[in-house]
Amino acid sequence: MNTNSPSNIARDAVPSMQKTSEDMMNSAGKAIQSTREHANQALDKAENRVRELRGSVDPMVEMLAAKAQKMARQSLDMASEAKERAEKSLRHAADATTRYVSEQPMQSVLIAAAVGAAVALLVSTSRQRNQNRY
């Protein structure tokens, strides 16, 4: 009998193919497990890094917020001081004007009339220019 017949060769090759298939499955399983472990390690490292960054960012955000609040307070203080200076200057100008009008009533009326006439002339000229454009 022919021991090397195709059916005998196939029958003899089946256990070897099964063994090879099992070895490949085991290798694939190990590769998958190794990949999972590496992915988990990478995710753990990334998570730790994010925590570190968050820990360093939070104080920085708080510091920036505190600086912004300080600058806002300083701006409000400066605006308040500017308002007080403007009010003082306006009171001074009003007092000087009142004093001048009481001391020089006739000149004050003439100055007021001249200023009123100049403003009326400017308004009239401006209206005529606008009408000529259209």
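Trainee: What separates Glu47 and Arg51 in helix H1?

Mentor: Please note first that this is a predicted model. Glu47 and Arg51 are four residues apart in helix H1, which spans residues 6-103, so about one helical turn separates them.

Trainee: Why is the contact of Glu47 with Arg51 called a salt bridge?

Mentor: The closest N and O atoms of Glu47 and Arg51 are 2.6 Å apart. A salt bridge requires a side-chain nitrogen of Lys or Arg within 4 Å of a carboxyl oxygen of Asp or Glu, so the pair qualifies. In general, side chains of opposite charge can pair when their charged atoms come close.

Trainee: What makes Arg51 exposed or buried?

Mentor: Arg51 has a relative accessible area of 52%. The term exposed applies over 50%, therefore Arg51 is exposed. Glu47, with a relative accessible area of 38%, is partly exposed, because that term covers values between 20% and 50%.

Trainee: How many salt bridges does a search of the whole structure find?

Mentor: The search finds three. Among them is the pair of Arg49 and Glu52, whose closest N and O atoms are 3.1 Å apart. These two residues are three apart in helix H1, with about one helical turn between them. Arg49 itself is partly exposed, at a relative accessible area of 45%.

Trainee: How do you know that Glu87 and Lys83 form a salt bridge?

Mentor: Their closest N and O atoms are 3.4 Å apart. That value is within the 4 Å cut-off, so the pair is called a salt bridge. Both residues lie in helix H1, four residues apart, which is about one turn of the helix. Glu87 has a relative accessible area of 35% and is therefore partly exposed.

Trainee: Which residues make the nonpolar surface patch?

Mentor: The patch, of about 480 Å², is made by Tyr100, Val101, Ile111, Val115, Val119 and Val123. Helices H1 and H2 (105-133) are the elements that give two or more residues to the patch. The largest share, four residues, comes from H2.

Conventions. Residues are numbered from 1 along each chain as its sequence is written. This is a predicted model: local features need pLDDT of at least 70, side-chain atom pairs count only at pLDDT 80 or more; totals for chains, interfaces and linings use all residues. Side-chain values use heavy atoms; hydrogens and water are left out. Buried means under 20% relative accessible area, exposed over 50%, partly exposed in between (1.4 Å probe, protein chains only). Patches are made of residues with over 30% relative accessible area and no salt bridge: like charges are joined within 9 Å, nonpolar side chains (Val, Leu, Ile, Met, Phe, Trp, Tyr) within 5 Å. Accessible areas come from the Shrake-Rupley method with a 1.4 Å probe; for residues, only the protein chains shown count as cover.
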